[in-house]
Amino acid sequence: MTERSETAPGFRRVLLKLGGEMFGGGAVGVDPDVVHTVAAQIAAVVRGGVQVGVVIGGGNYFRGAELQQRGMERTRADYMGMLGTVMNCLALQDFLEREQGIDTRVQTAITMGQVAESYIPRRSIRHLEKGRVVIFGAGVGMPYFSTDTTAAQRALEIGAEIVLMGKAVDGVYTADPKRDPQATMFSHISHREVLERGLKVADATAFSLCMDNNMPILVFNLLNEGNIARAVRGEKIGTLVSTPGERSEY
């Protein structure tokens, strides 16, 4: 494990990945208190001039892989999961605009013109340049790809400097800290080492995509108030996943 620079200047454009399970507070549906807290944190960094794109999972509604285990056809189950992410996107949009006064746009990989724009990378970038939060829904629009992979892909297309992966744990550990009290947290680890160790912080496709395209990932605890702002400022929180020589500011 290595220490980060003490003088990191922060980031201008980020992709924030949020887990759907947290949106539900551990239950099915949306927990308004959780969404309120997340929206307030996002608004604070946007007011500071940071451009923010967001990808939200749908685990508080459906998980395609789990539905498949119960006998459902996988592609149909995955499309149900994609629709679940859109519900989360609309909830975040409402809290950002109604409570925080932050302009937003929801863009989806599956066309649904009455509730969201279709995903167009150049339009997303233009929204970000105008200070709007862009919330990406419906995954990549194809089955067998997780929202972790969506976050990596969207980050690359919109020119984000880092993927901020908000979790319910403090970072990447040597083992599941809930099961192994001896597990220790990394302050820094490479993409390749995450893959080789089989660490389950996100799916392997997302890490491979980021590794191949020099995109750093910061895994941090979203539930600690103010952590999004700390991550954007480059403070030493969570675990930085990067490959030596890439563009991370840490």
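## Local packing in a predicted model

Gln-107 is placed in strand E3 (residues 104–108); helices (H or I, at least four residues) and strands (E, at least two) are DSSP runs, numbered from the N terminus. This is a predicted model, in which local features need pLDDT of at least 70 and side-chain atom pairs count only at pLDDT 80 or more, while totals for chains, interfaces and linings use all residues. Residues are numbered from 1 along each chain as its sequence is written, and side-chain values use heavy atoms, with hydrogens and water left out.

At 0% relative accessibility, Gln-107 counts as buried (buried means under 20% relative accessible area, exposed over 50%, partly exposed in between, with a 1.4 Å probe and protein chains only). Its side chain makes a polar contact with the side chain of Ser-124, at 2.4 Å. A polar contact is a pair of N or O atoms within 3.5 Å; within protein, one must be able to donate a hydrogen and the other to accept it, and residues adjacent in sequence count only if both atoms are side-chain atoms. Leaving aside neighbours within four places in sequence, the residues in contact with Gln-107 include Tyr-119, Ser-124, Val-134 and Phe-136, where contact means heavy atoms within 4.5 Å.

Tyr-119 and Phe-136 also meet each other. The count of aromatic pairs comes to 1; rings of Phe, Tyr and Trp (its six-membered ring) pair if their centres lie within 6.5 Å, and planes under 30 degrees apart count as stacked, over 60 as edge-to-face and the rest as tilted. The ring centres of Tyr-119 and Phe-136 are 5.6 Å apart and the planes stand at 90 degrees, so the pair is edge-to-face. It links distant parts of the chain, with Tyr-119 in the loop between strand E4 (117–118) and helix H5 (121–129) and Phe-136 in strand E5, 17 residues apart. Arg-154 lies over the face of Tyr-119, at 3.7 Å from the ring centre. A charge sits over a ring if NZ of Lys or CZ of Arg is within 6 Å of the ring centre and within 35 degrees of the ring normal.

Accessibility values for residues discussed here are as follows.

| Residue | Relative accessibility | Class |
|---|---|---|
| Tyr-119 | 16% | buried |
| Phe-136 | 1% | buried |
| Gln-51 | 9% | buried |
| Pro-143 | 14% | buried |
| Phe-145 | 42% | partly exposed |

Gln-51 lies in strand E2 (residues 51–56). Gln-51 and Val-134 are 83 residues apart in sequence and 8.9 Å apart in space, C-alpha to C-alpha.

The UniProt annotation "binding site", from an unreviewed entry, covers residues including Gly-58, Asp-78, Pro-143 and Phe-145. The annotated residues are spread over 90 residues of sequence but cluster in space, with a largest C-alpha distance of 14.4 Å. UniProt positions are given in the numbering used here, feature names are shortened, and annotations may be inferred rather than shown by experiment. Pro-143 is in the loop between strand E5 (133–137) and helix H6 (147–158).

In helix H8 (residues 204–212), the buried residues are Ala-206, Phe-207, Cys-210 and Met-211. They cover an arc of only 130 degrees around the axis, which puts them on the same side of H8; the arc is that of the directions from the helix axis to the C-beta atoms. Asp-203 caps the N-terminal end of H8, with a side-chain oxygen 3.1 Å from the backbone nitrogen of Thr-205. Just after H8, Asn-214 takes a positive phi of about 55 degrees.
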